[in-house]
Amino acid sequence: MRSQTLTIPLFLWWRLLRELRRRGRGKRESGAFLLGLANGSKVLRFICYDDLDPHAFDTGIIQFDGSGYVPLWKLCREKKLRVLADVHTHPSSWTEQSGSDRTHPMISQPGHVALIVPNFARRTLQKLHGVGIHEYLGNHNWKSWQPKSGKVRIAIL
Ligand SMILES: [Zn+2]
């Protein structure tokens, strides 16, 4: 899994940004899991954190309760999907990881990708310009990728 390209269909990316914007209301962080086939690297659907844990966005910074993983694993099992990545927003253009982002990976599996979208996803981005791309390597180590590195691509599919 480690250096595989993660592919996000353009229309799904737009829908995702719209949902993050709507749920963040321009004033609080929002986020979602990106799901794909177990052996694939293409995102097929997403599910927002607050659909799994209704209070995930209440404080302004994301606090996802562990119980939210239960419906997530159920969904994955039923649809034969796997969590490929997660995405969350930050208030400003700063899309590096916070200390908490680093120490609490949403999925602590090597190869998992965490995306950070700037400015509460206020702008619809055609590409990954300004988006933080962070790959979990295990043992609390991360590798950050440039938007143009090809680690993640937005594709018309
Ligand atoms: Zn963060």
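Mentor: This is a predicted model. From the N terminus on, the elements run β-α-β-β-α-α-β-α-β-β-β-β.

Trainee: How many helices and strands are there in the chain?

Mentor: The chain has 4 helices and 8 strands.

Trainee: And which strands form the open sheet?

Mentor: The open sheet consists of 6 strands in the order β3-β2-β4-β5-β6-β7, and the pairing is mixed. At the edges stand β3 (45-48) and β7 (141-145); each has a single partner strand, so one side of each is left without a neighbour in the sheet. From one strand to the next, the twist averages 30°.

Trainee: Which helices pack on that sheet?

Mentor: Helix α1 (residues 10-24) does, touching β2, β3, β4 and β5, and its direction makes about 5° with that of β3. Helix α3 also packs on the sheet, where it touches β2, β3 and β4; its direction makes about 135° with that of β4.

Trainee: Is α3 well covered or hardly covered?

Mentor: Helix α3 (residues 69-79) is hardly covered, with 1 buried residue among its 11. Lysine 80 follows α3 and has a positive phi, near 55°.

Trainee: Let us turn to β4. How many of its residues are buried?

Mentor: In strand β4 (residues 81-89), 8 of the 9 residues are buried, so the strand is largely enclosed by the rest of the structure.

Trainee: In which sense does β4 pair with β2?

Mentor: Strand β2 (residues 31-37) and β4 pair in the antiparallel sense, over 7 bridges.

Trainee: What about β4 and β5?

Mentor: Those two strands run parallel, and 5 bridges join β4 to strand β5 (residues 113-117). Among the pairs, aspartate 86 has alanine 114 of β5 as its bridge partner, and histidine 88 has isoleucine 116 of β5.

Trainee: Which way do side chains point along a strand?

Mentor: As a general rule, side chains in a regular strand alternate between the two faces of the sheet.

Trainee: What share of the residues count as buried?

Mentor: Of the 157 residues of the chain, 33% count as buried. As for contacts with a separation of 6 or more, residues 24 or more positions apart account for 62% of them.

Technical notes:
Residues are numbered from 1 along each chain as its sequence is written. This is a predicted model: local features need pLDDT of at least 70, side-chain atom pairs count only at pLDDT 80 or more; totals for chains, interfaces and linings use all residues. A residue is buried if 20 or more other C-beta atoms lie within 10 Å of its own, exposed if 12 or fewer, and partly exposed in between; C-beta atoms are placed from the backbone. Two strands pair if DSSP finds at least two bridges between them. Two residues are in contact if their C-beta atoms, placed from the backbone, lie within 7 Å. Axes are lines fitted to C-alpha atoms, for helices over the stretch in contact, and angles run from 0 to 180 degrees between N-to-C directions.
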